[in-house]
Amino acid sequence: MVRVLMTSLEVGLIFAVLAMGVLFTFKILDIADLSVEGTFPLGAFVYSALVMKGLHPYLGMFGALVAGGVAGYLTFLLYRKLNIAAILAGILTMTILYSVNLRIVGKANIPLFDYGNVFSQVEAIPPVIILGILVILIKATMDWFFKTEMGYRLIVTGDNATLLKNMGGKPDSYICLGLILSNALVSLAGSLMAQYQGFADAQMGATIIVTALASIIIGETLFSRIPWMKPSSRAIVGAVIYKIISGMAIELGLEPTDLKMITAFIVILFLSYDKVPRMKKIMGNKQEVQS
């Protein structure tokens, strides 16, 4: 049981990086960006290709970060320059990246057990500590960014693009920035997952958007009423809770093949968490009016 909880915490921290990336599009820009299902494995494949050529794991992770940003820019071009609907633009990017990922190293699955990674660089430090430090650094950078003028304008773009225009800003510039930052972090999460599990696989991005949304929704549902808790913090805690719930479900006897179904039920549960009492309150008010 302890091992299950530790593994869930470690993977949850990787998903926290994923969730913080999707936070830019889902919560801030209000864009349904499905390209993350392609950029997650993209990060794993770019990282794999670079370390297999002898580069340091940190350079491999940086390469994954840059590649994800480029993929985010492609989604922006399809969405804003070619006027393709956001959800379709993301699907097209995801489809393109599937072939790109296979082209990077020429096969769908790449074992990485013979190559170094960030965890083997400092074997005396447990992976959970390394991941925790990385997550804190990313969170601190995000929180600082949203306090800057550029970060504030990005938030305004999602809330009221007309207001941004009145401020002299260009919404497209900040939509582009949000998509680049989002997919860069998602790709970084993919590179971390490849290092953690010891391989990169073309299918590792399948339904990863649901995992990210589940993490964000859990965090928002449970902690949105805590004023001092920032969205990045809620996404991190939500990702860890999500992974612990799914890990415990597998430990209690459900098959690993049921994981996607478990994820869907977790999302449904937390989406409806505060709606049932609200519906009861509405029905009660209606009965009072009728009487």
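Contact here means heavy atoms within 4.5 Å, and helices (H or I, at least four residues) and strands (E, at least two) are DSSP runs, numbered from the N terminus. The model is a predicted one, in which local features need pLDDT of at least 70 and side-chain atom pairs count only at pLDDT 80 or more, while totals for chains, interfaces and linings use all residues. Residues are numbered from 1 along each chain as its sequence is written, and side-chain values use heavy atoms, with hydrogens and water left out.

Two packed helices are described by the angle between their axes and the distance between the axes. Axes are lines fitted to C-alpha atoms, for helices over the stretch in contact, and angles run from 0 to 180 degrees between N-to-C directions. For H1 (residues 2–28) and H10, the axes come within 9 Å and cross at roughly 85 degrees. The two helices are therefore roughly perpendicular to each other (angles under 35 degrees count as roughly parallel, over 145 as roughly antiparallel, 65 to 115 as roughly perpendicular and the rest as oblique). On the H1 side, Phe15, Leu18, Ala19, Val22, Leu23, Phe26 and Lys27 meet a set of H10 residues that includes Ile208, Ile209, Leu213 and Glu220. Sorted by class, this contact of H1 with H10 has eleven nonpolar, two polar and two charged residues (Ala, Val, Leu, Ile, Met, Phe, Trp, Tyr, Cys and Pro count as nonpolar, Asp, Glu, Lys and Arg as charged, and the others, Gly among them, as polar).

H10 (residues 208–223) also packs with H11 (residues 231–251), with axes that come within 7 Å and cross at roughly 115 degrees. That makes H10 roughly perpendicular to H11. The residues of this contact of H10 with H11 divide into ten nonpolar, four polar and two charged. Among those in H10 are Thr211, Ser215 and Glu220, and the H11 side includes Pro231, Arg234 and Tyr242.

Phi of Thr207 is near 60 degrees, a positive value in a residue other than glycine. At 31% relative accessibility, Thr207 counts as partly exposed (buried means under 20% relative accessible area, exposed over 50%, partly exposed in between, with a 1.4 Å probe and protein chains only). Asn83, in the loop between H3 (57–81) and H4 (86–105), has a phi near 55 degrees, again positive in a residue other than glycine. Asn83 counts as exposed at 65% relative accessibility.

Turning to buried positions, Asn183 is in helix H9 (residues 171–197) and has a relative accessible area of 0%. The side chain of Asn183 makes a polar contact with the side chain of Asp33 (3.1 Å) and another with the side chain of Thr39 (3.1 Å). A polar contact is a pair of N or O atoms within 3.5 Å; within protein, one must be able to donate a hydrogen and the other to accept it, and residues adjacent in sequence count only if both atoms are side-chain atoms. Leaving aside neighbours within four places in sequence, Asn183 is in contact with residues including Gly68, Gly69 and Gly72.

Ala194 is found in H9 and counts as buried at 0% relative accessibility. In helix H2 (residues 36–52), Val46 is buried, with a relative accessible area of 14%. Val46 and Ala67 are 21 residues apart in sequence and 7.4 Å apart in space, C-alpha to C-alpha.
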